[in-house]
Amino acid sequence: MTILQETIRPRSSAQSREWKAIVILILLIPVLWSPPFLFRFFLYQPFNIPSGSMAPTLMVGDYVFAAKYAYGYGHYSFPFAQSWISGRVFAAEPEHGDIVVFRTAKDSSVDYVKRVVGLPGDRIQMRQGQLILNDRPVTRVALEYGLACGVDGGVKVKRWRETLPSGASYVTYDCIDNGFLDNTNVFTVPPGNFFALGDNRDNSTDSRMMSTFGFVPMDNLVGKVTRIFWSLDEDGEPHMERLGKVE
């Protein structure tokens, strides 16, 4: 983990950097106003799903759009962003249940996609595989068993319909009883951060793993996942029934 330290720069150096930024922006005006650029870099950015950590909501082979304007624009909104970009413009917080693309404080080189279950001040805990939000168990209803989680032999796994107090409702997988992350300490989300979980609870590296993932800074948000626009199955064939909005 890189620790950023504040430094005092000479005034002339700061002015020079500001002028360089202005010149670059002026030169980029024709490109910035082109329709493809506006769509991808200011409105929606496409991502493909490489793992099953968000199954069954998002599956390997899905291609999704992330709305970049949903939470404002920051350092990770643009591939060409420079170090002088800090904070977010038009900043807005995600809501409980939003599926978001972001970078972690532990590894800022990788885009992750998870579900927001905790906002600043919230207390989060897992007890026997059930999500506890602010000391109250989140409502969940058992569904028919399904096949998932990468288990061998077609072993059936538990599925739950989980509903947050915000009204967000989605399906989660529970692959292993009393799994490694099914029982945790209480995590209190600090200001300016959120707590993220994968829907495939026993096969997701997420905020429950404080040493390698932890709380996610709001400034590391890239966008809100809104729609699956394309999907391929294991044989590379179109999976048309998966196209549409995501929960």
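What share of the contacts in the chain with a separation of 6 or more comes from residues 24 or more positions apart? The figure is 55%. Keep that number in mind as you read these notes on the model, which is a predicted one.

1. **The overall picture.** Let's begin with the whole chain. It has 247 residues, and 42% of them count as buried. The secondary structure consists of two helices and 18 strands. The accessible surface comes to about 14,000 Å², and carbon and sulfur atoms hold 57% of that area.

2. **Strand β2 and its neighbours.** Five of its six residues are buried, so β2 is mostly covered. Strand β1 (residues 44–48) pairs with β2 in the antiparallel sense, over five bridges. Within this pairing, phenylalanine 47 has valine 64 in β2 as its bridge partner. Strand β17 also pairs with β2, again in the antiparallel sense, and here there are six bridges. If you look for phenylalanine 65, you will find arginine 227 of β17 standing opposite. While you are looking at strands, here is a handy rule: in a regular strand, side chains alternate between the two faces of the sheet.

3. The search of the whole structure finds eight salt bridges. One of these joins aspartate 62 to arginine 242, with 2.7 Å between the closest N and O atoms. Is aspartate 62 buried or exposed? Aspartate 62 is buried, because its relative accessible area is 0%, and the limit for buried is under 20%.

4. Next, look for four strands in the order β9-β8-β7-β14, which make an open sheet with antiparallel pairing. Its edge strands are β9 and β14 (187–188), and each of them pairs on one side only. Strands β8 and β9 run antiparallel and are joined by two bridges. Here isoleucine 132 stands opposite proline 137, which is in β9.

5. Aspartate 135 forms a salt bridge with arginine 123, and the closest N and O atoms are 2.6 Å apart. Aspartate 135 is in the loop between β8 (130–133) and β9 (136–137), and arginine 123 is in strand β7 (residues 123–127), so this pair ties together parts 12 residues apart in sequence. Aspartate 135 counts as partly exposed because its relative accessibility is 48%. Arginine 123 is partly exposed as well, with a relative accessible area of 31%.

6. **A buried salt bridge.** Glutamate 162 and arginine 201 form another salt bridge, with their closest N and O atoms 2.8 Å apart. This pair links distant parts of the chain, 39 residues apart: glutamate 162 is in strand β12 (residues 156–163), and arginine 201 is in the loop between β15 (193–197) and β16 (216–217). Both residues are buried.

7. **Leucine 181.** This residue lies in the loop between β13 (169–174) and β14. Leucine 181 counts as buried because its relative accessibility is 12%. From leucine 181 to arginine 201 is 20 residues in sequence, and their C-alpha atoms are 7.9 Å apart in space. Leaving aside residues up to four places away in sequence, leucine 181 touches Met126, Ser204, Arg208 and Met209.

8. **Asparagine 220.** You can find this residue in the loop between β16 and β17. Asparagine 220 is buried, with a relative accessible area of 8%. A polar atom of its side chain lies 3.5 Å from the backbone oxygen of threonine 104. Beyond residues up to four places away in sequence, asparagine 220 touches Tyr76, Phe102, Arg103, Thr104 and Ala105.

9. **A nonpolar patch on the surface.** Finally, turn to the outside of the model. Which three residues form a nonpolar patch there? They are Trp230, Met240 and Leu243, and together they have about 260 Å² of accessible area. Tryptophan 230 lies in strand β17 (residues 221–231). Tryptophan 230 counts as partly exposed because its relative accessibility is 33%.

Note on methods:
Residues numbered from 1 in each chain as written. Predicted model: local features only at pLDDT ≥ 70, side-chain atom pairs only at ≥ 80, totals over all residues. Heavy atoms only, no water. Patch = residues over 30% accessible without salt bridge, like charges linked within 9 Å, V, L, I, M, F, W, Y side chains within 5 Å. Areas by Shrake-Rupley, 256 points an atom, 1.4 Å probe, with all protein chains shown as cover. Salt bridge = Lys/Arg side-chain N within 4 Å of Asp/Glu carboxyl O. Buried < 20%, exposed > 50% of the residue type's maximum accessible area, 1.4 Å probe, protein only. Polar contact = N/O pair within 3.5 Å; in protein donor to acceptor, adjacent residues only side chain to side chain. Contact = heavy atoms within 4.5 Å. Pairing = 2+ DSSP bridges.
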